[in-house]
Amino acid sequence: MSQCSYQSSLDAYHDGQTPPELAREIEQHLPACDACSAELGRLVELSQLLRTAQPEAIHADELARVHQAVEGVEDRGVIRLVTGLSAVAASILIISGSWLYDGPRPNTMQIARPTVPEQTWERMASAGQIDVPVDVPQVGTALDDRTQRDTADWMVIGMGGPVEHGNH
Amino acid sequence: MEPGDLELVHRAARGESPAFHALVDRHASELMRLAVSLSATRADAEDVLQETFIGAYQGMRRFDGRASVKTWMKRILVRQAARHWNRSKRSRSTLPIDAAEASPAPREISNGPIGVDRRMDVAAVVRTLAPEHREVIVMREFDQMSYAEIAEVLQVPIGTVESRLHRARADLRTKLQGYNVD
């Protein structure tokens with residue numbers, strides 16, 4: 001028996017997927033075609049049989065595990081975000097610390113350097129220079145000459161002059 | 001009024017975790033049935049389902065909304081199932097334990113409730129189909145998806161869906177010869 005021209009459309013007709021016009025043509029054709037009627041009958045039977053093999057719906061514990069699996073991925077995403085932010089914060093701290101450490105320091109400490117006349121008492125002592133200012137009291141005459149010489153006149157004389165000190 | 005799937009995806013992409021879990025609750029059952037039909041064992045199906053939702057979660061920011069959310073997730077699932085199947089095929093030397101021989105012996109079906117045995121036999125025979133035939137048969141016969149929806153999930157032309165269905169049914173009829181339905 002030659003294949004009917006509508007046989008190739010029977011699957012789609014059975015599945016409700018044919019255009020309305022073609023569906024009407026097949027409906028009118030079926031009563032007159034044993035081959036197409038038989039084929040359609042086999043398609044219906046197969047679908048009924050396959051429907052008996054429908055898998056069971058998801059079980060409650062399976063659904064719970066799916067939710068847990070998704071939560072695991074969500075948590076990994078949060079951890080990754082927190083780790084990233086922590087790394088950025090740590091970098092900022094390190095850079096800031098480094099800048100503060102190496103940055104310019106205010107000049108708060110000035111070493112006081114007394115400005116003294118060129119001839120300080122140290123220099124006078126080492127050079128053996130003894131200048132007796134008029135207003136400096138003479139060493140007491142009770143001391144003998146030797147004692148006077150031994151007296152550290154330069155200490156007295158040197159201290160008699162003006163001393164300029166720096167700001168403390 | 002309950003938010004639609006696309007609204008839930010957008011909310012989840014903005015970080016609203018409950019939105020994605022709502023999507024899971026809404027689609028897990030249907031996706032699980034598809035996963036079971038495309039997997040060797042139920043345990044494999046559960047893995048496939050979890051991987052599907054994880055893939056959807058990780059990819060939802062890139063979801064452009066051209067397909068429906070359900071179609072998009074089914075597309076992910078079919079791919080995951082195929083990957084799982086190929087991986088497990090390499091480690092499987094024989095058919096899974098719940099699979100009968102390729103042409104199980106015919107049996108008389110009574111008017112009583114469908115036995116677990118027959119369901120397992122038919123399901124096992126479905127698993128013996130070529131992957132591309134199994135996919136279209138499962139989506140059409142179990143999920144009642146339209147040809148256009150199946151084509152969108154598999155990203156093939158509608159004509160390809162039709163021809164694969166036709167061949168799958170012919171193959172099944174041969175393998176299920178002798179099964180009678182009252």
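Chain B has 37 residues in contact with 28 residues of chain A (contact: C-beta atoms, placed from the backbone, within 7 Å). The model is predicted: local features need pLDDT of at least 70, side-chain atom pairs count only at pLDDT 80 or more, and totals for chains, interfaces and linings use all residues. Residues are numbered from 1 along each chain as its sequence is written, while chains are lettered from A and ligands numbered from 1 in the order in which they are written.

Helices here are DSSP runs of H or I, at least four residues long, numbered from the N terminus.

The largest share, 10 residues, comes from α2(B). This side of chain B divides into 20 nonpolar, 8 polar and 9 charged residues. Nonpolar means Ala, Val, Leu, Ile, Met, Phe, Trp, Tyr, Cys or Pro; charged means Asp, Glu, Lys or Arg; the others, Gly among them, are polar.

Helix α8 of chain B also meets α7(B), residues 147-154; their axes come within 8 Å and cross at roughly 105 degrees. Axes are lines fitted to C-alpha atoms over the stretch in contact, with angles from 0 to 180 degrees between N-to-C directions. The two helices, α7(B) and α8(B), are therefore roughly perpendicular (65 to 115 degrees). B:Y147, B:A148, B:I150 and B:A151 in α7(B) meet B:I158, B:V161 and B:E162 in α8(B).

B:V161 is buried, with 27 other C-beta atoms within 10 Å (buried: 20 or more). Beyond four places in sequence, its contacts are B:V136, B:Y147, B:I150, B:A151 and B:V156.

Conventions
Two residues are in contact if their C-beta atoms, placed from the backbone, lie within 7 Å. A residue is buried if 20 or more other C-beta atoms lie within 10 Å of its own, exposed if 12 or fewer, and partly exposed in between; C-beta atoms are placed from the backbone. Angles under 35 degrees count as roughly parallel, over 145 as roughly antiparallel, 65 to 115 as roughly perpendicular and the rest as oblique.
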